[in-house]
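Colleague: I'd like to go through this model and ask what the labels rest on. Could you put it up?

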Amino acid sequence: MTPVEHDADVIVVGAGPGGSATAYHLARHGVRVLLLEKTEFPREKVCGDGLTPRAVRQLIRMGVDTSPEAGWLHNRGLRVIGGGVRLELDWPELASFPNYGLVRTRLDFDDLLARQAVAAGAKLRTNVNVLGPVLDGDGRVTGVEAEVGPGKEPTTFHAPLVVAADGVSGRFPLALGLAKREDRPIGVAVRRYYRSPAKHDDNYLESWLELRSKDSGDNLLPGYGWIFGLGDGRVNVGLGVLNSSSAFGKTNYRRLLTDWLANTPEDWGMTDETNADGPILGAALPMGFNRVPHYTRGVLLVGDSGGMVNPFNGEGIAYAMESGELAAEAIVQALARPAGPERERALMAYPNELKARLGGYYRLGGIFVKLIGRPEIMRIATKHGMPHPTLMRFVLKLLANLTDPRGGDAMDRVINAMTKAAPAV
């Protein structure tokens, strides 16, 4: 017999932003949720730590206090540097999204979201390493096998539905035979914290479209960079390289980061190793739905586990939280129906809604990734696009996926029409 304390209506594997958002929205509807996390909180994750208004909207929907008094650093928009131009673009004024972004380290952020899920009624178990699924005679997932605690005690947890929110590794979907699609974009990002009194309280997220070292001359380094102030005396500095670049998989990314930073102003503090706060860490960015299907055999994939990073800007947190809420909505409707065809019909609403909402947009993102992976195209785009603020405001809306679906301005209507016309991935 499985102990009653291990039973739940839904098991969520992974308490990152996607898993905690799923658990929160399920618990808020009275669903018994078991949220399993392999580490202990607080714990560090490799990330840029910057949140666009799309992510802020999801925080608000979870009842999170996003005020500066609650420890958040607000930003007004994006500062773009490239083509010899430095352009500050404020976040758009929209009905659907707030007009500010946020910065907070994942050390605080993930812990806060997990606690929000617990406050809503979810049961969090940490130090639980999920090994794989429990299957019934029809191959349907009915729970998970795990190792619990320091002693790695073998334990089985049962539930009629499981949400895989186990991040880029996707160990749980891999155990079901759901491998990554090689025809979808993927990136690699590295980041490091630096003490930088000159940049730490910047009220813009800073994006570098062109990277140069001291020795590169007119030759561009591969990838794009960012500098995000944390408001506590530190900055998060990093760069990303896409698999459309010839340098992907053939470059020492940590060296690439230090080469670029050696070319930044000395008073920023990033040319001096003694200002570094911790090592350079890296992570993969699974983009454009690079693992599908997002629902199969009692399992829903959320966030990075389902390859939901935005190919346009490398943003993952907003889509992890958004997919978590969508998954929760489908599950709540499914659990109100008897097991069988009726319940399966409700669960299929989840991948269908993801495809309708993001499929065309991610298709355009895949094209964008292929284009910017070619240095000559990136050079032309920055040279001729950056001097035109109106065009760049359009680009900001497109890259950050910030439009009003109804009403909106002419830019919104053009972007919405483009995403609807594009065949969904």
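Predicted model: local features only at pLDDT ≥ 70, side-chain atom pairs only at ≥ 80, totals over all residues.

Modeller: Residues are numbered from 1 along each chain as its sequence is written, and side-chain values use heavy atoms, with hydrogens and water left out.

Colleague: What makes a residue part of the lining of a pocket?

Modeller: It needs an atom within 4 Å of a pocket point; on a 1 Å grid over the protein atoms alone, a pocket is an open set with protein on both sides within 12 Å along at least five of seven lines. Here 28 residues line the second largest pocket, and the closest to its centre are Arg-54, Ala-356, Arg-357, Pro-405 and Asn-416. Helix α8 gives the most to that lining, with eight residues.

Colleague: How much space lies in the second largest pocket?

Modeller: About 700 Å³, where volume is the space filled by probe spheres set on the grid points, joined across faces, edges and corners.

Colleague: Why are β9 and β11 said to stand at the edges?

Modeller: Two strands pair if DSSP finds at least two bridges between them, and strands are DSSP runs (E, at least two residues), numbered from the N terminus like the helices (H or I, at least four). The open antiparallel sheet has the order β9-β10-β11. β9 (128-135) and β11 (153-158) each have a single partner strand, so one side of each is left without a neighbour in the sheet.

Colleague: How do you know that β10 and β11 pair?

Modeller: Six bridges join β10 (residues 141-148) to β11, and the cut-off is at least two, so they count as paired. Gly-143 stands opposite His-158 in β11.

Colleague: What about β12 and β19?

Modeller: They pair in the parallel sense over three bridges, with Val-162 opposite Val-299 in β19. Both belong to an open mixed sheet in the order β8-β2-β1-β12-β19-β18.

Colleague: What is the average pLDDT of the chain?

Modeller: pLDDT is the predictor's confidence in each residue, from 0 to 100; the chain averages 94, and 98% of the residues score at least 70.

Terms used: 1 Å grid on protein atoms, 1.4 Å probe; cavity = no way out; pocket = protein on both sides within 12 Å on 5 of 7 lines; lining within 4 Å.
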